[in-house]
Each structure stands twice: as structure tokens, then as C-alpha cells.
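Me: I should like to go through the assignments made for this structure and ask what each of them rests on. Please set each value against its criterion.

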Amino acid sequence: MIWIEYSIGKAELAHRAPPLRYRIIRSLRGAQMTRFFRCLVPASAMVVLAACTSAPVTEAAQQAKVAEVQRAPIAGVPQRAVDKPAITLVLFSDYACRHCRQLHGVLARAIAANPDLRIVYRDWPILGAQSRKAARYAIASAFQGRHAEFDTALMNREGPLDDAALRAAVARAGLDPERLDRDLAQHRTRIDAILADNDRLARSLGLQGTPGMVVGDYLIPGGVDEETMRAILEVVRKRQTPSPA
């Protein structure tokens with residue numbers, strides 16, 4: 001079995017994680033008050049993190065929700081497609097979320113180490129109008145086949161998520177800005193539907209903030225470091241690899 005540890009700042013505690021639903025491990029790190037929560041993840045069963053839902057759920061119910069996310073149609077949803085994916089990771093993120101930006105680097109290294117890792121990018125813009133605008137740009141960038149480049153450019157930006165940052169990301173990603181504007185207008189209804197579906201799926205899982213991930217049949221409600229990501233992928237890979245006869 002493996003341990004997943006979450007570090008959440010005190011100011012974010014009420015919004016992201018109801019404290020009574022977690023076991024507090026420590027409450028001080030350096031000079032800042034920090035809460036650490038651990039969820040035991042058995043390698044033989046799907047993780048059930050009722051701590052991240054507003055009401056208790058049964059394992060069967062949570063399994064069904066996770067399975068729905070993995071089976072959900074992805075037409076128009078940006079993804080890192082591979083010929084023969086061994087693992088599918090569904091990512092719920094917001095470009096204004098600093099934890100999502102930290103996770104981006106972790107995922108980049110995971111991709112380099114796992115060429116058979118498929119990632120479905122489900123933008124979940126919950127932090128305001130600029131987040132929604134950035135999400136729309138990201139989805140539209142896929143029509144030019146440049147989503148990975150745009151995603152990296154915007155996640156690795158310096159400074160706030162403003163219009164200047166969006167324009168700079170468009171340029172660094174090699175996107176045609178005029179075509180991007182046309183795609184945003186032409187595919188508006190489709191983009192609206194994708195974002196609505198992303199929101200529905202995230203809420204069905206009980207996610208209360210970004211980032212959130214479904215990795216195989218594991219629900220990970222928060223960011224993780226590189227070591228933990230390696231452990232998660234190792235567990236999922238072993239669970240999905242048929243045992244020799």
C-alpha cells in the first residue's frame with residue numbers, strides 16, 4: 001500500500017477540505033501553520049476519499065462515478081493521445097490555480113517517464129471570468145493541434161492570468177491568433193458544452209477545488225509531488241497489467 005500526503009495552507013482549509021473529515025497528522029511546518037492529511041490507498045481496491053465530498057458515499061457509488069469519468073465522451077476535449085495507452089489520467093484544473101501550475105511540472109516529468117500515459121485535460125475554470133476565458137482558449141487551441149504547447153506556455157507564465165498572459169501564450173504556442181478567434185466563435189456552443197460537462201463530472205466526484213485527478217480507478221483530490229505521482233502510476237500500472245497465466 002502507499003500513502004498520499006496533502007499539504008494545504010490554513011487559509012485554504014475551509015474551502016478545499018473540511019477538517020473533520022481528515023486525520024490531522026501535523027499542524028506546523030516551518031514558520032507557517034499547515035495541515036497535513038493522509039489517505040491510505042490500498043493497492044487492491046479503488047481509493048474512496050469521502051473526505052472530499054459533502055456527504056458520505058459508498059465505495060460502490062464512488063467507483064461508479066470514477067468509472068463514468070473515465071468513460072465520458074471526449075470529442076473536442078483536449079488530450080495527450082497515445083497509440084496504446086496503458087494508463088489514462090483525467091485532469092481537472094484551472095489556469096488561475098497555483099497548485100495546478102505546480103502539478104503541471106510533475107505531470108510533464110510523468111509523461112517523459114511514461115510514454116504510454118494518456119491525459120485527458122478537463123478544464124474546470126472555477127476561479128473567475130479570466131479562468132473561464134483561459135479555458136476557452138485552451139480548448140480552442142486543440143483545433144489547431146497546439147494544445148500541449150498552449151497549456152505549457154500558460155502554465156509556465158510569469159505573472160497574473162490576464163489578457164497579456166493569454167496573448168503571450170498564444171504567441172509562444174505558435175497559434176494563429178486570427179484562426180483562434182474564428183474557432184472560439186465558430187465552436188462556441190461546443191466549447192460551452194465541454195465546460196458544462198467538465199463541471200458536472202468534477203462535481204459528481206465531490207471535488208471542492210483544483211487540481212483533481214482520476215488516474216485509472218483512483219480519485220486524487222489535489223496536487224501531488226513527483227514521488228507520489230510515480231507511486232500512483234506504479235500502483236495503477238500493476239493493477240491494470242494482467243497476471244501471467
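Predicted model: local features only at pLDDT ≥ 70, side-chain atom pairs only at ≥ 80, totals over all residues.

Me: What makes the pair of Tyr-95 and Phe-150 edge-to-face?

Reply: A search of the whole structure finds 2 aromatic pairs. In the pair of Tyr-95 and Phe-150, the ring centres are 6.4 Å apart and the planes stand at 75°. Pairing requires centres within 6.5 Å, and planes over 60 degrees apart count as edge-to-face; the angle of 75° therefore places this pair in that class. The pair links distant parts of the chain, since Tyr-95 belongs to the loop between β5 (87-93) and α3 and Phe-150 to helix α5 (residues 147-155), 55 residues apart.

Me: How do you know that Tyr-95 is buried?

Reply: The cut-off for buried is a relative accessible area under 20%. Tyr-95 has 2%, so Tyr-95 is buried. Phe-150 has 0% and is therefore buried as well.

Me: Why is the pair of Tyr-137 and Phe-150 called tilted?

Reply: Its centre-to-centre distance is 6.5 Å and the angle between the planes is 35°. Planes under 30 degrees apart count as stacked and those over 60 as edge-to-face, the rest being tilted; hence 35° gives a tilted pair. Tyr-137 is in helix α4 (residues 129-141) and Phe-150 in helix α5, 13 residues apart. Both Tyr-137 and Phe-150 are buried. One aromatic cluster is formed by Tyr-95, Tyr-137 and Phe-150.

Me: Why is α2 described as roughly antiparallel to α8?

Reply: Helix α2 (residues 59-71) and helix α8 (residues 188-204) pack at about 155°, their axes being 9 Å apart. Angles over 145 degrees count as roughly antiparallel, and so α2 is roughly antiparallel to α8. The contact involves Lys-65, Glu-68 and Val-69 from α2, with Arg-200, Leu-201 and Ser-204 from α8. The crossing of α2 and α8 is left-handed.

Me: How do you know that the length of helix α3 agrees with its number of residues?

Reply: Helix α3 (residues 98-113) has 16 residues, which at 1.5 Å a residue should span 22 Å. The end C-alpha atoms of α3 are 24 Å apart, which agrees. The buried residues of α3 are His-99, Cys-100, Leu-103, His-104, Val-106, Leu-107, Ala-110 and Ile-111. An α-helix has 3.6 residues a turn, so residues three or four places apart point the same way.

Me: Why does Asp-181 count as partly exposed?

Reply: Asp-181 has 46% relative accessibility. Buried would require under 20% and exposed over 50%; the value of 46% lies in between, so Asp-181 counts as partly exposed. Asp-181 is located in helix α7 (residues 177-186). Its C-alpha atom is separated by 8.6 Å from that of Ala-140, 41 residues apart along the chain.

Key
Residues numbered from 1 in each chain as written. Heavy atoms only, no water. Helix = DSSP H or I, 4+ residues; strand = E, 2+ residues; numbered from the N terminus. Expected span 1.5 Å × (residues − 1). Buried < 20%, exposed > 50% of the residue type's maximum accessible area, 1.4 Å probe, protein only. Phe/Tyr/Trp six-rings, centres within 6.5 Å; stacked < 30°, edge-to-face > 60°. Axes fitted to C-alpha atoms, helices over the stretch in contact; angles between N-to-C directions. Parallel < 35°, antiparallel > 145°, perpendicular 65-115°, else oblique. Left-handed = near helix turned anticlockwise from the far one by under 90°. Contact = heavy atoms within 4.5 Å.
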